[in-house]
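Hi,

Here is the structure I promised to pass on to you. Please open it alongside this email, and then read on for what turned up.

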Amino acid sequence: MSYFIGIDLGGTVIKAGIYDECGNEVSVCEHNATLIAQHEGFSERNMDELWQSVCTVIQGALKSGSVNNADVKGVSFSSHGKGLYAVDKAGRPVRNGIISSDTRALSIVKKWLEDGSADKAYPYGMQQIWTGHPVAILRWLYENERENYDKIDSIFMVHDYVRFCMTGNKGAEITNISGSNLYNVKTGTYDKILASNFGIDECYDRLPPIVQSAQNCGGVTKEAAEATGLKEGTPVFGGFFDVVAASIASGVTDDTVLSATSGTWSIATTVHKSIKDDPHHYIWGNYCIPDLYFVHEGSPTSASNLAWWRNLLLKNVSLDECNAYVDKAQKERKDSSLFYFPYLFGSNFKLGQHASLYGLQAHHDMQDIVNALYEGIVFSHLINQDKVVKISPNLKTIRMAGGPTNSKPWMQMFASASNLPIEISSIKQVGCMAAALCAAVGSGHFKDFSEAVKATHKASVAIEPCASQHDYLRERYARFLEINKSL
């Protein structure tokens, strides 16, 4: 039996999963990453500690799965997007890695939005500029840590750095670097115009070679083999941006399926054969399947809001009780004045807008509050998803992953509000699974991603939209948008 290891490099948790050649999960090991927040808006991690965490989870997965390292035929990655993990000429970290949730560059991003720099860059980079972009972080380093900025030899995102630690070879994986605002999505190359536009001209010469998702980027070195427990020479492949990983795990290989994720982030993704012209600044990137582009809208406005409320104010309310409240409220369909705006960690309506519970009155009870939380998260997801649906006329279904998929009434709300059937993914470790498939394709076990998806995609539970609930939720959503504008 051949095995493949998928490493999921999230913003808070590092995981390694081992899968057999049929896509069956053998074992998973995870480790919570240590986040460093020295100042307001900072979100960092020690890069040496990050590498040690990766070594720990690989060792743990091999041990718990009783897998012989000689049977591992490849390793690949699912990576959080953007951020910055820079190394110097000696291959050592220049400083702590900076995670994509970092907001230290907010004033720089606001300036670019106001002075037209963001609009000027869009026809080349095809990105909505935000604080987690490498260009924003690099410009902040230029202005605030010039000595560190000057030390940078190679600009990596997190999976590029870990792959470098494993193989000693430098590369920037295409699905993630294509969203960096240093890369021209239309030409498929780095672009000096972009680096110059953001005032970081020097960085153009610090960008590593672009590698494809399933490209063999070298074998595990002797040193890395000793640290991870892998066999020296085990092939290591490019990997994915986690948005793409979720899409592959959901079986997205054409424009008939939308991949939706609801967790810390609300994300909606589809793929197309060409970039669509539209006044809205969609976020485009090169997909892992040649000649396809992926387009996505996302925001940190999802189920983590409910987790915050439960940890702080609803400690005695179980998830089962929350679901029961929502199920009852949605069946009653009252004309409630209560709305929740899920912007604890950022807003997809206006930069800098904060979370709020609006319209609270003395007659409201726990059911009303919990229902408003659930609805607000669905409505914020619609802000993202409706934009993607608008340019995706061939959509037939949504495949969804994330914590809310465990809640039947919540999924019914998502399906009815979307007016499309939702298939709930049965895959629990989406990032690990997709990354392992990437290694299986790269090793030649599957000829391409389409074949890999067809061979391993598992049947999902489908939830059909309810017409009357659709009308009710869309009326509520329209009011949600009106209040957003007022706020």
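Below are some notes on strand pairing, backbone angles and a surface patch. Please keep in mind that this is a predicted model.

Strand S1 (residues 3-9) runs antiparallel to S2, and seven bridges join the two. If you want a pair to click on, Asp8 stands opposite Lys15 in S2. The two strands make a hairpin, with three residues between S1 and S2.

S2 also pairs with strand S3 (residues 25-32), again in the antiparallel sense and over seven bridges. Here Ala16 has Cys29 in S3 as its bridge partner. S2 and S3 form a hairpin too, with four residues between the strands, and Gly23 in that hairpin has a positive phi near 85 degrees.

**Two backbone angles to look at**

Most residues other than glycine have a negative phi. Two exceptions may interest you.

- Asn181 is not a glycine, yet its phi is positive, at about 70 degrees. You will find Asn181 in the loop between helix H7 (174-177) and strand S10 (183-184). Is Asn181 buried or exposed? Its relative accessible area is 2%, and buried means under 20%, so Asn181 is buried.
- Arg333 has a positive phi near 50 degrees, and this residue is not a glycine either. Arg333 sits in the loop between helix H12 (319-332) and strand S20 (339-341). Its relative accessibility is 29%, which falls in between the 20% limit for buried and the 50% limit for exposed, so Arg333 counts as partly exposed.

**A nonpolar patch on the surface**

Which residues form the nonpolar patch on the surface? They are Trp308, Leu312, Leu313 and Phe345, and together they have about 400 Å² of accessible area. Among them, Phe345 lies in the loop between S20 and strand S21 (356-358). Phe345 counts as partly exposed because its relative accessibility is 45%.

Conventions. Residues are numbered from 1 along each chain as its sequence is written. This is a predicted model: local features need pLDDT of at least 70, side-chain atom pairs count only at pLDDT 80 or more; totals for chains, interfaces and linings use all residues. Side-chain values use heavy atoms; hydrogens and water are left out. Buried means under 20% relative accessible area, exposed over 50%, partly exposed in between (1.4 Å probe, protein chains only). Two strands pair if DSSP finds at least two bridges between them. Patches are made of residues with over 30% relative accessible area and no salt bridge: like charges are joined within 9 Å, nonpolar side chains (Val, Leu, Ile, Met, Phe, Trp, Tyr) within 5 Å. Accessible areas come from the Shrake-Rupley method with a 1.4 Å probe; for residues, only the protein chains shown count as cover. A salt bridge is a side-chain nitrogen of Lys or Arg within 4 Å of a carboxyl oxygen of Asp or Glu.
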